[in-house]
Amino acid sequence: MDKNMLAGLESLPEADQQRMASMMEQVQIRDSLRMYNSLVEKCFTDCVDTFKHKSLQKQEETCVKRCAEKFLKHSMRVGMRYAELNQGAPTQD
């Protein structure tokens, strides 16, 4: 867990800090799983056309790789932009 994320919680008792850190980790894990599930669903729906073979056809495999790359690049860019906007946001001090 990034210590900067917990910087605003320093005034809380140790037990509450631990609880908050645990909750934040759970939220991060949940969000990661949601992103992964969205990626799988979108790329499968867009790229897999037939179930005639046990494995992906070459064009399906290429499509899935391209789709996953685009999805991850987009997600990374959105995350970076969100961080940029958060840095400029006023804080409650």
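Start with the sulfur atoms of Cys 47 and Cys 63. This link is left-handed, with -65° about the S-S bond. The two cysteines form a disulfide (a pair of cysteine sulfur atoms within 2.5 Å), and here the sulfur atoms lie 2.1 Å apart. Cys 47 sits in helix H1 and Cys 63 in helix H2, so the pair ties together parts that are 16 residues apart in sequence. Helices here are DSSP runs of H or I with at least four residues, strands are E runs of at least two, and both are numbered from the N terminus.

Before moving on, note what is on screen. This is a predicted model, in which local features need pLDDT of at least 70 and side-chain atom pairs count only at pLDDT 80 or more, while totals for chains, interfaces and linings use all residues. Residues are numbered from 1 along each chain as its sequence is written, and side-chain values use heavy atoms, with hydrogens and water left out.

Stay on this disulfide and check the cover. Are its cysteines buried or exposed? Cys 47 is buried, at a relative accessible area of 3%. Cys 63 counts as partly exposed, at 22%. The classes are buried under 20% relative accessible area, exposed over 50%, and partly exposed in between, with a 1.4 Å probe and protein chains only.

**Next: Cys 43 and Cys 67**

Select Cys 43 and Cys 67. They form a disulfide too, with their sulfur atoms 2.1 Å apart. The pair links distant parts of the chain: Cys 43 is in helix H1, Cys 67 is in helix H2 (residues 58-88), and they are 24 residues apart. Look down the S-S bond. The torsion is about -90°, so this disulfide is left-handed. Both Cys 43 and Cys 67 are buried. A search of the whole structure finds two disulfides. Number the bonded cysteines in sequence order and the pairing reads 1-4, 2-3.

**Next: the phenylalanine rings**

Select Phe 44 and Phe 51. How many aromatic pairs does a search of the whole structure find? There is one. The ring centres of Phe 44 and Phe 51 are 6.0 Å apart and the planes are at 40°, so the pair is tilted. For the cut-offs: rings of Phe, Tyr and Trp (its six-membered ring) pair if their centres lie within 6.5 Å; planes under 30 degrees apart are stacked, over 60 edge-to-face, and the rest tilted. Phe 44 is partly exposed, with a relative accessible area of 42%. Phe 51 is exposed, at 68%.

**Next: a nonpolar patch**

Select Leu 12, Met 20 and Met 23. Together they make a nonpolar surface patch of about 230 Å². Patch members have over 30% relative accessible area and no salt bridge; like charges are joined within 9 Å, and nonpolar side chains (Val, Leu, Ile, Met, Phe, Trp, Tyr) within 5 Å. Areas come from the Shrake-Rupley method with a 1.4 Å probe, and for residues only the protein chains shown count as cover.

Leu 12 lies in the segment before helix H1 (14-47). Met 20 is in helix H1. Leu 12 is partly exposed, at 31% relative accessible area, and Met 20 is partly exposed at 31%. What does Met 20 contact, leaving aside its neighbours within four places in sequence? Met 20 is in contact with Leu 9 and Leu 12, where contact means heavy atoms within 4.5 Å. Draw the C-alpha distance from Met 20 to Leu 9: 8.4 Å, across 11 residues of sequence.

**Next: charged side chains**

Select Arg 77, Arg 81 and Glu 84. These residues are linked in a network of salt bridges. A salt bridge is a side-chain nitrogen of Lys or Arg within 4 Å of a carboxyl oxygen of Asp or Glu. Between Glu 84 and Arg 81, the closest N and O atoms are 3.2 Å apart. Between Arg 77 and Glu 84, they are 3.7 Å apart. Glu 84 and Arg 81 are three residues apart in helix H2, and so are separated by about one helical turn. Glu 84 is partly exposed, at 38%. Arg 81 is partly exposed at 41%, and Arg 77 at 44%.

Jump to Arg 30 and Asp 31. Their side chains meet in a salt bridge (3.8 Å, N to O). A search of the whole structure finds six salt bridges.

**Last: zoom out**

Show the whole chain. There are two helices and zero strands. Buried residues make up 12% of the 93 residues. The chain exposes about 8,200 Å², and carbon and sulfur atoms supply 56% of it.
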